[in-house]
Amino acid sequence: MDFKKSQPVDDEPGLWRLQMEFMAEAERFFGSRDQSKKIYQPSWDVNGPYVRYTPSKDGAFAELGFNAKTDWKMVVYQLAHETVHLLDQHGGKQTHLLEEGAAVRFSLDMMKKYGFDTAGLPEVDSYKTALKLFDSLGNDSYLIAKELRATCDNFISIDAIEIKARCPDLSENIISEMLSRPVMR
Ligand SMILES: [Zn+2]
C-alpha cells in the first residue's frame, strides 16, 4: 500500500487492509487463527498498543497508541505485533515470553517487508529479552513456533516438554524463561 497518500487516523479502509494482510502473513508463519473469533477494525487508545476484547469476547481488535495516529511506521510496528496476539484470542490472559518474542520478531519482519527501518527496535528491555528467546529456537524459529502452536492448540498452551522435543539443545532455564509470564503487552 502507498503509505504517503494518507494519515493512519484518517484511513480506516487502509488500516483494515493492513490488518488483513498482517493476519494472512501471521497465519502463514504461525498457522491458522482461531476461526471462532472475530477480528474487528483496529482502533486507538492513549495507553495502546494492546489487544482489546469485545465485552462478549466474541472477538477482539488492536488498539494502537496515539503515537501511531500520524505515523504508518508505528502502525506497522504495533499492528503487526498485536496481530500475533489476535491469532488465538485467549481472552486477555497473560502471554508468555515466547509468544511475545514471536510478536516482536514478526513485527520487525513486517516492517522490513513494508520498507521501514527497524534500527533501535524494540526499545523496551522486556521485548529485547522476548525476541532473544524466540530467536534461540534457531534458524527455523518460525517453523518451530508454528509446529508448537499446532501441537499444543495455541501459543498459551505450549509447554516445556514440546519445546524440549523440538529443541533438545535448549537448557531448562531458557525454556522456563520462554514460558514465564511477566506483565507485558
Ligand atoms: Zn505483545
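**Chain architecture and the setting of Glu82**

In the chain, residues 24 or more positions apart account for 57% of the contacts with a separation of 6 or more, two residues being in contact if their C-beta atoms, placed from the backbone, lie within 7 Å. The structure is a predicted model, in which local features need pLDDT of at least 70 and side-chain atom pairs count only at pLDDT 80 or more, whereas totals for chains, interfaces and linings use all residues. Residues are numbered from 1 along each chain as its sequence is written.

The chain holds 7 helices and 4 strands, with helices (H or I, at least four residues) and strands (E, at least two) taken as DSSP runs and numbered from the N terminus. Along the sequence these elements follow the pattern α-β-β-β-β-α-α-α-α-α-α. The radius of gyration of the chain is 16 Å, close to the 16 Å given by the globule rule for 185 residues, so the chain is as compact as a globular protein of that length; the radius is taken over C-alpha atoms, and the rule is 2.2 Å times the number of residues to the power 0.38. Taken along the principal axes, the C-alpha atoms fill a box of roughly 50 × 40 × 25 Å.

Of the 185 residues, 33% count as buried, a residue being buried if 20 or more other C-beta atoms lie within 10 Å of its own, exposed if 12 or fewer, and partly exposed in between, with C-beta atoms placed from the backbone. Glu82, which lies in helix H2 (residues 72–85), counts as buried because it has 24 C-beta neighbours inside 10 Å. Leaving aside neighbours within four places in sequence, Glu82 is in contact with Pro49, Tyr50, Val51 and Ala62. Tyr53 is 29 residues from Glu82 in sequence, and the two are 12 Å apart in space, C-alpha to C-alpha.
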